[in-house]
Amino acid sequence: MRIIVKNLSKVVLSTLLLGSTMASCHQSSGIVHHREPETQGEGVYSDKSLSEFYPPIEVEFVREIDDGLEDMLKALPDETLEDNRWIRLYEQVLGIQIKYKWAVRSEQYHKKLDIMLASGDIADIVKVNAQQLRQLSHAGLIQDLTKVYKEYASPLTQQVHRQEGSGTLESGMIDGKLMGIPETDSSVEKAMFLWLRTDWLDRLGLQPPKTIDDVLEVSKAFTERDPDGNGQQDTFGIAATQYLWDPVMGLTGFMAGYGAYPNIWLEDESGKLVYGGVQPEVKQALKTLQEMYRNHEIDSEFIFKNGSKAKQLVADGKIGMAYGEQWGSFLLQSSRNGDPDAEWQAYPIVTDSGKAAKVPLKFTTSYFYAVRKDFAYPEAILKMFNLHLEKNWGKTAEYETYYNNVMPVWGLSPVTPFPADKNLKAYRQIVEARREDTTSQLQGEPGFIQDRIDRYLNREEDSESGWGWEKIYGASGAMSILDHYEKNNQLLFDAFAGAPTETMIERQTLLDNLQHDYFVNIILGEPIEQFDRFVEEWNRLGGADITAEVNQWQKDKKSRP
């Protein structure tokens with residue numbers, strides 16, 4: 001039976017996956033530390049970037065309340081959304097009293113935000129996406145923050161905004177003006193790995209893949225050779241979900257093996273920017289996936305399964321290979337509930353040629369803090385950014401108080417910037433401590449991670465919770481591969497890192513749906529020549545215009561001093 005898919009790309013990623021995109025160091029240690037924030041008020045910092053407003057000022061935000069935040073507030077009975085360690089810290093140090101114009105559950109948040117933005121009655125500081133930022137800017141409702149940033153951004157904030165090049169800060173610029181402070185995200189954290197059940201490899205006498213042909217051999221064996229030993233052909237070679245590009249169990253890493261990068265912009269041999277999704281390498285990758293689907297190596301119902309439903313196949317021991325980000329170990333660990341001997345290991349993604357793969361990194365900074373046009377203290381947002389970074393990663397950091405205590409308390413703050421390389425840096429600190437035999441002296445994030453790994457290796461109480469950490473930060477874990485990726489110049493950053501162009505705002509969703517539907521239908525069995533039709537439609541429906549705009553962005557960027 002052939003199923004023609006229409007607009008499945010509109011399906012939102014499951015809460016399971018979204019809640020884990022920053023998972024490496026956003027999980028609870030399980031250790032309760034009963035202590036109040038130690039930072040006192042006036043005079044703690046002499047730098048202008050952290051100077052105190054006197055008299056104190058009131059700053060109004062709006063707030064989305066998701067399941068994670070709600071659960072955390074329930075677990076912290078002495079703290080509320082309006083009165084918690086971060087709210088008190090901002091007032092004690094900066095003289096900023098935070099108020100919420102409104103705070104609602106996620107189900108109502110975006111609708112209520114759209115109504116607020118349309119009315120023009122916005123909060124003093126509002127978190128918006130790139131399209132909303134452009135709309136507010138064009139409507140003249142928000143301030144130009146260019147001068148404010150230069151005057152008040154701390155060295156640490158500036159460093160964080162530059163960690164992945166100039167694109168992060170430039171993404172908040174409209175017509176050369178900084179109209180929103182980017183809520184930093186990490187492209188490098190989106191690097192792909194090949195996760196394999198090594199107990200299945202051993203059982204079938206297979207070696208870890210070194211080429212795509214090896215991947216296909218493993219997939220075929222995991223499907224046909226009864227790796228779970230139950231006498232039935234009920235396993236699948238590779239995981240997939242209805243959202244083709246899921247961060248775990250998606251197909252981004254597989255396609256990269258063919259030199260196909262369907263979700264980023266690339267620089268071609270002439271120096272022009274081209275969209276990866278319409279390049280001929282994608283066609284070959286889709287053809288191979290079609291053959292794998294026909295051979296039952298991919299779940300026949302994958303188009304109906306989001307991340308949560310697809311995860312159940314992992315938990316049931318039916319999946320032995322998945323492409324995914326470093327936090328994938330925590331999802332794959334579910335297989336150990338039914339089979340304590342299930343073992344997974346991260347490996348580098350591989351190519352059809354056997355050469356080192358280029359690992360695609362989509363530009364991910366997509367939210368910005370805009371300041372109401374008439375708000376008298378625009379520097380407040382910079383000072384809050386500065387303090388959040390300082391108390392978590394600066395010289396006066398208090399990790400167990402402000403970042404990860406009994407819960408990931410960083411989430412109590414209305415602003416949550418973080419260094420893009422924080423997890424890779426933590427890994428390198430752990431490696432150095434292991435080399436020097438000083439792991440007991442690790443503090444903050446590295447100390448927390450090493451503690452979880454030690455508890456697992458020493459089989460202490462609740463040791464199983466450290467299994468996922470060891471698969472990421474252990475000697476041969478995912479972070480060791482990311483470290484190699486970076487040092488070996490294998491990371492392929494998105495060549496376009498600007499604010500969405502005018503045509504992107506109008507047509508990007510349409511084009512994303514178009515790509516998704518064509519790709520899925522080809523995997524399900526439509527003729528591979530449909531890819532050529534997709535390329536034609538993509539260009540006709542706005543892709544050609546976007547390509548011209550992206551290249552104009554590149555030209556303008558090169559001409560700026």
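Here are a few notes on a predicted model, taken one feature at a time.

1. Start with the open sheet. Four strands make it up, in the order E8-E11-E7-E12, and their pairing is antiparallel. At the edges sit E8 (248-250) and E12 (344-347), each of which pairs on one side only. Neighbouring strands in this sheet are turned against each other by 45° on average, ignoring direction.

2. Now look at how E7 meets E12. E7 covers residues 193-197, runs antiparallel to E12 and is joined to E12 by four bridges. Across that pairing, Leu194 stands opposite Tyr347 in E12. Helix H21 (residues 478-487) lies across both E7 and E12, running at about 150° to E7.

3. H16 is mostly covered, with 14 of its 15 residues buried.

4. On to the rings: the count comes to 27 aromatic pairs. One of them is Phe375 with Tyr377, an edge-to-face pair at 5.9 Å centre to centre with 75° between the planes. Phe375 is buried because its relative accessible area, 6%, falls under 20%. Tyr377, at 34%, is partly exposed.

5. Some rings join up into a cluster: ring pairs link Phe330, Trp393, Tyr399, Tyr403, Trp410, Phe448, Trp469 and Tyr473.

6. Lys112 is over the face of Trp102, 5.3 Å from the ring centre. Lys383 is over the face of Phe53, at 4.0 Å from the ring centre.

Conventions:
Residues are numbered from 1 along each chain as its sequence is written. This is a predicted model: local features need pLDDT of at least 70, side-chain atom pairs count only at pLDDT 80 or more; totals for chains, interfaces and linings use all residues. Side-chain values use heavy atoms; hydrogens and water are left out. Buried means under 20% relative accessible area, exposed over 50%, partly exposed in between (1.4 Å probe, protein chains only). Helices (H or I, at least four residues) and strands (E, at least two) are DSSP runs, numbered from the N terminus. Two strands pair if DSSP finds at least two bridges between them. Axes are lines fitted to C-alpha atoms, for helices over the stretch in contact, and angles run from 0 to 180 degrees between N-to-C directions. Contact means heavy atoms within 4.5 Å. Rings of Phe, Tyr and Trp (its six-membered ring) pair if their centres lie within 6.5 Å; planes under 30 degrees apart count as stacked, over 60 as edge-to-face and the rest as tilted. A charge sits over a ring if NZ of Lys or CZ of Arg is within 6 Å of the ring centre and within 35 degrees of the ring normal.
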